[in-house]
Amino acid sequence: MWEFTGQQSDSDGRTHCFLVLLGGSAGLIPEVGRRKFSESSRQSPQQSESILNDFELRLLNMFGLKRRPSPSKLAVVPQYMVDLYHLYSGNREQNLSRPRSALGKHLERSASNANTIRSFHHEESLEVLSSLSGKTTQQFFFNITSIPDSELVTSAELRIFRDQVMESITNGSTGYHRINIYEVLKPALSSKEPIMRLLDTRLVQHSLSKWESFDVSLALTRWTTEGHSNLGFVVEVVHLDSQSQEAKRHVRVSRSLHADEDSWPQMRPLLVTFSHDGNGNVLHTREKRQAKGKQRKKHKTSCRRYSLYVDFSDVGWNDWIVAPPGYHAFYCHGECPFPLADHLNSTNHAIVQTLVNSVNTNIPRACCVPTELSPISLLYLDEYEKIILKNYQDMVVEGCGCR
């Protein structure tokens, strides 16, 4: 449900501001909503259908989508992306499954130049797994072609989950293993190993279970900005003080290494990119806005903010928008009478326009419009079933005035 404001003149020559609320369009708007719009408009059914189709295209373009997403029921939403949504939407106190410090040490720096976060699971059919003496190595590939050319990838992290090695608890061991992340520069030829470059490394302890985050920004910059081929990553787990099979199975780099099939969808490696599309402000952590103090009584017909809740299930978007289920958009409505009172938050131009209207009705009054807008964060699946967290500007009316 989005709004458009405008003006129209009646038979007496008086000008009125009006607000049109559209519930959606073909494929997005319920049939009841389409029928109501067609019946209330002055256009023919064919013209109304054309308007709604154009409206759908504009909305999809606003979301950066070429077509309406239709994700399967098997699509997996990583918990990390849900946690990031709550962090950047001001809902940190709700459903935040882990403390902020566990979300990745590079998080604030990564998000400081981004308004979009995307996540990718690797292509399991292309993985190459090998286990040599003292180490486990996997080469795997992430398909990042869904990142638009217009977006600048500012940073990226590769997240890998490692299980606690149970034998280290029972025998009191404080052993360590090392995880190395490489970018593949040239593929392996015949019996030769691929040419690789080390991107990040970490020495970790057996006795802990946690996600590890590795900085792979350099590789993503090469692939998305410099035009180099994406040949994937190699994850190398070096077992420093244990040759046991248990120690080799503790890092979640491949489905075949783990018997716990149910947990794999949420524990598999995850590539997370931070980017900016050139529109709007960057993501930033913020608390929910506090309710404004009680204001002095205003005339009931004066310009002011009214409640408007957009429920994504009403427009058929709840199957691809993960969070929020809806949001309070609000809208502005009311009169801008002469003389304009202070509480109507008017510009000098609106005051002059209203003054002229009082002596010349050919000049319209100022209109009641939003004067302050705020963004919202949306977590959704795109047409490729990739999970995206994006900051959208000017989505919530915070203040109204005569302009």
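Mentor: Let's start with H122, which counts as buried because its relative accessibility is 3% (buried is under 20% relative accessible area, exposed over 50%, partly exposed in between, with a 1.4 Å probe and protein chains only). Keep in mind that this is a predicted model, in which local features need pLDDT of at least 70 and side-chain atom pairs 80 or more, while totals for chains, interfaces and linings use all residues. Numbering runs from 1 along each chain as its sequence is written, and side-chain values use heavy atoms, with hydrogens and water left out.

H122 sits in the loop between β3 (116-121) and β4 (128-132); helices (H or I, at least four residues) and strands (E, at least two) are DSSP runs numbered from the N terminus. Skipping neighbours within four places in sequence, H122 has contacts (heavy atoms within 4.5 Å) with E127, Q138, F140, F141, F142, W264, R268 and P269.

Now follow β3 into its sheet: 7 strands, open and antiparallel, in the order β9-β6-β11-β3-β18-β17-β14. Strands count as paired if DSSP finds at least two bridges between them. The edges, each pairing on one side only, are β9 (210-215) and β14 (321-323). From one strand to the next, the twist averages 30°; angles run from 0 to 180 degrees between N-to-C directions, with axes fitted to C-alpha atoms, for helices over the stretch in contact.

Zooming out, the protein chain has 9 helices and 18 strands. Of its 403 residues, 45% are buried. Among contacts between residues at least 6 apart in sequence, 70% join residues at least 24 apart. The chain exposes about 21100 Å², 51% of it from carbon and sulfur atoms, with areas from the Shrake-Rupley method using a 1.4 Å probe and, for residues, only the protein chains shown as cover.
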